[in-house]
Amino acid sequence: MSSVAVLCVTGASPNPDPMNTCGLVRALESSRVLSRFQNQRVSNGRENQTTWSSSSCVMSCRRRRSSVVSSSLVVNPAGEMTLSSEEKVYNVVLRQAALVNKQLIRSTSPVLDDVKKPQDIIIVRPGSLSLLGAAYDRCGEVCAEYAKTFYLGTLLMTPERRKAIWAIYVWCRRTDELVDGPNASHITPMALDRWETRLEDLFRGRAFDMLDAALADTVTRYPVDIQPFRDMIEGMRMDLRKSRYNNFDDLYLYCYYVAGTVGLMSVPVMGIDPTSNATTESVYNAALALGIANQLTNILRDVGEDARRGRVYLPQDELAQAGLSDEDIFAGKVTNKWRNFMRMQLKRARMFFDEAEKGVTELDAASRWPVWASLLLYRRILDEIEANDYNNFTKRAYVGKVKKIAALPLAYAKSVLKVSS
């Protein structure tokens, strides 16, 4: 379903700037304003001074930023006012942050810490610990095979966090493989429904296989909510039914589903630096921004590959503003119009990377290196697209092994010194 941003309607100009009409300003401003809620700190972490409901937070923030943009609402084809994609996603962010804050409050309260609720009590069957250890080891092997640089970074984490991140990575990869793997042509919406049912069973402690068992154990040890996992599956459903995106608001939601969700899944495991003065919400915002940046980079890198599959993941309204169309993409010819269009797309992706960097520095010290390494290497893919003269039709931009190795010490230095670019 297409939608038209109110910002575009009220802020139109004779020569509209794609960066201001595509939703980027709303996305980043939403991230900045919504992260300003002040949390009262306790000795080892953060505790909310006031309990905010999702609705009151969103309404308060909407009033605050009314002077910056016209509205965070969009108008659908029926003329109805609805929340923008950024606002919908932020409701999920608030929920994830609340779970982390709740756990921190419990961990600092002797009364709450001494009394375990029934669901907190885990019954260990004979032999199950060795099987669980094997399940985590297998997750580590998969991560090492398909995400070598990230895997090396996880080795600096504590053993518990490392295993949990492996389990999350493997579930995400398996989910992505449903629509992008060798059996993708046989995947139906019903198959994704079954995968979601299996996810719900997993969160209830009923694992289907050893890889599920690792994640089932992880979600009992960390305040990980099921919603980002469900949302990732929804992103797979979008891939089955949708091959065009009318505007950036539509594309933003897709990017959240397939990549931003990973950040929300991971923050509870990676942890936030106990000495950080940042709000939990702002750290989640940064994790979300990194996922969006990574997916935008994937899209810009794979334009030609996606076109050969009949897919165009670029906002249709921005293509039209640049004097381009799907036919130009299928033709695969690099023109000045295409170069100018790509410069704007790269600029947007880099702005999301900039937002992400602010949160990486607030993560627990042992978790920063793999995130910094991933961020720096993915960001360099944008540089390679430029080096290829914006030919992402027939040339695949990638970071060579030498550049990857060179990036690791820089990522480590940033993680130790706790600085952003």
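This is a predicted model: local features need pLDDT of at least 70, side-chain atom pairs count only at pLDDT 80 or more; totals for chains, interfaces and linings use all residues.
Residues are numbered from 1 along each chain as its sequence is written, and side-chain values use heavy atoms, with hydrogens and water left out.

**Overall make-up**

- The protein chain has 20 helices and five strands (DSSP runs numbered from the N terminus: helices are H or I with at least four residues, strands are E with at least two).
- Of its 421 residues, 53% count as buried.
- The chain exposes about 19700 Å², and carbon and sulfur atoms supply 55% of that area (Shrake-Rupley method with a 1.4 Å probe; for residues, only the protein chains shown count as cover).
- Among contacts with a separation of 6 or more, 76% are between residues 24 or more positions apart (contact means heavy atoms within 4.5 Å).

**Nonpolar core and enclosed parts**

- The largest nonpolar core has 106 residues, and Trp171, Tyr256, Leu314, Ile329 and Trp338 touch the most other members (a core is a set of buried Ala, Val, Leu, Ile, Met, Phe, Trp, Tyr and Cys residues joined through side-chain atoms within 4.5 Å).
- Helix α13 (residues 248-270) gives this core its largest share, 15 residues.
- In soluble globular proteins, nonpolar side chains tend to be buried together.
- Not counting residues up to four places away in sequence, Trp338 touches Val303, Leu314, Leu319, Leu324, Ile329, Tyr390, Asn392 and Phe393.
- Helix α14 (residues 280-301) has 22 residues and reaches 32 Å from first to last C-alpha, close to the 32 Å expected at 1.5 Å a residue (the expected span is 1.5 Å times one less than the number of residues).
- Of the 22 residues of α14, 22 are buried, so the helix is largely enclosed by the rest of the structure.
- Cys139 lies in helix α7 (residues 128-146) and counts as buried because its relative accessibility is 0%.
- Leaving aside neighbours within four places in sequence, Cys139 is in contact with Trp166, Ala167, Val170, Leu211 and Ala214.
- The C-alpha atoms of Cys139 and Val170 are separated by 6.1 Å, although the two residues are 31 apart along the chain.

**Salt bridges**

- A salt bridge is a side-chain nitrogen of Lys or Arg within 4 Å of a carboxyl oxygen of Asp or Glu, and by this rule the count comes to 31.
- Asp180 and Arg309 are joined by a salt bridge of 3.4 Å, N to O.
- Asp180 belongs to helix α9 (residues 159-180) and Arg309 to the loop between α15 (303-308) and α16 (316-321), so this pair ties together parts that are 129 residues apart in sequence.
- Asp180, at 40% relative accessibility, counts as partly exposed.
- Arg368 and Asp273 form a salt bridge in which the closest N and O atoms are 2.9 Å apart.
- This pair links distant parts of the chain, 95 residues apart, with Arg368 in helix α19 (residues 365-387) and Asp273 in the loop between α13 and α14.
- Both Arg368 and Asp273 are buried.
- Between Arg350 and Asp383 the salt bridge is 2.8 Å, N to O.
- Arg350 lies in helix α18 (residues 336-360) and Asp383 in helix α19, so the pair ties together parts that are 33 residues apart in sequence.
- A network of salt bridges links Asp193, Glu196, Glu234, Arg237 and Arg241.

**Surface patch and backbone angles**

- Leu156, Tyr412, Val416 and Leu417 form a nonpolar surface patch with about 400 Å² of accessible area together (patches are made of residues with over 30% relative accessible area and no salt bridge; like charges are joined within 9 Å, nonpolar side chains (Val, Leu, Ile, Met, Phe, Trp, Tyr) within 5 Å).
- Asp389, in the loop between α19 and α20, is a residue other than glycine with a positive phi, near 60°.
- Tyr390 is in the loop between α19 and α20 and has a positive phi of about 65° although it is not a glycine.
- Asp389 counts as partly exposed at 37% relative accessibility, whereas Tyr390 counts as buried at 8%.

How values were computed:
Buried means under 20% relative accessible area, exposed over 50%, partly exposed in between (1.4 Å probe, protein chains only).
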